[in-house]
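Reader: I'm new to this one and would like to learn how to read it. Can you walk me through it piece by piece?

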Amino acid sequence: MATCTEIALKLPNSPGELERVVQRLADEKIGIQAFLLDSAGTLRLIVDNPLRAAGILTTHEYLIEKREVLRVQIPNEVGALRAATRLLSSAGVNVEYAYGSSFDPGRVATVVVAVDDIDRASMTAGV
């Protein structure tokens with residue numbers, strides 16, 4: 001487990017809003033490593049340069065929030081996610097939300113996990 005910065009912003013529910021954000025980041029050569037867009041319009045981004053991305057999005061008048069989250073890399077096999085969640089649970093760390101994927105069996109899956117106590121989670125994981 002490692003920590004990384006997640007950027008969250010609220011998008012209006014209209015065609016093209018997500019495309020505008022990803023285009024602005026692409027224009028600045030910022031890579032999106034993970035994202036989640038929920039039904040309420042909250043876009044959560046993990047990018048390769050969060051400081052620069054935050055500046056660009058703010059310049060384009062998006063109200064952003066930054067948060068430290070866990071980036072967990074696990075084998076893409078049955079039970080691997082349980083081991084990571086058990087570690088957090090045994091430390092008394094609450095998972096607030098998580099997202100990730102891997103479609104290739106035998107490969108590594110990456111999961112982004114937001115927790116209520118990033119310091120305790122990091123200490124538990126040895127980050």
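Author: Let's begin with strand pairing. Strand 2 (residues 32–37) and strand 3 run antiparallel, joined by five bridges. Strands here are DSSP runs of E with at least two residues, helices are runs of H or I with at least four, and both are numbered from the N terminus. Two strands pair if DSSP finds at least two bridges between them.

Reader: What should I know about where this model comes from?

Author: It's a predicted model: local features need pLDDT of at least 70, side-chain atom pairs count only at pLDDT 80 or more, and totals for chains, interfaces and linings use all residues. Residues are numbered from 1 along each chain as its sequence is written, and side-chain values use heavy atoms, with hydrogens and water left out.

Reader: Which residue in strand 3 is the bridge partner of Ile32?

Author: That's Val47. Strand 1 (residues 2–10) also runs antiparallel to strand 3, again with five bridges, and there Glu6 has Ile46 as its bridge partner. As for the hairpin of strands 2 and 3, four residues lie between the strands, and Gly41 takes a positive phi near 90 degrees.

Reader: How many residues of strand 3 are buried?

Author: Buried means under 20% relative accessible area, exposed means over 50%, and partly exposed is in between (1.4 Å probe, protein chains only). In strand 3 (residues 42–47), six of the six residues are buried, so the strand is largely enclosed by the rest of the structure. Both faces are covered: Thr42, Arg44 and Ile46 are buried on one side, and Leu43, Leu45 and Val47 on the other.

Reader: And which residues of helix 2 are buried?

Author: In helix 2 (residues 50–59), they are Ala53, Ala54, Ile56 and Leu57. These cover an arc of only 165 degrees around the axis, which puts them on the same side of helix 2. The arc is taken from the directions from the helix axis to the C-beta atoms. On the face turned away from that buried side, helix 2 carries the exposed residues Leu51 and Thr59.

Reader: What covers the buried residues of helix 2?

Author: The cover includes strand 1, helix 1 (17–27), strand 3 and strand 4 (64–75). Contact means heavy atoms within 4.5 Å. After helix 2 comes Glu61, with a positive phi near 65 degrees.

Reader: Is Val22 buried or partly exposed?

Author: Val22 sits in helix 1, and at 30% relative accessibility it counts as partly exposed.
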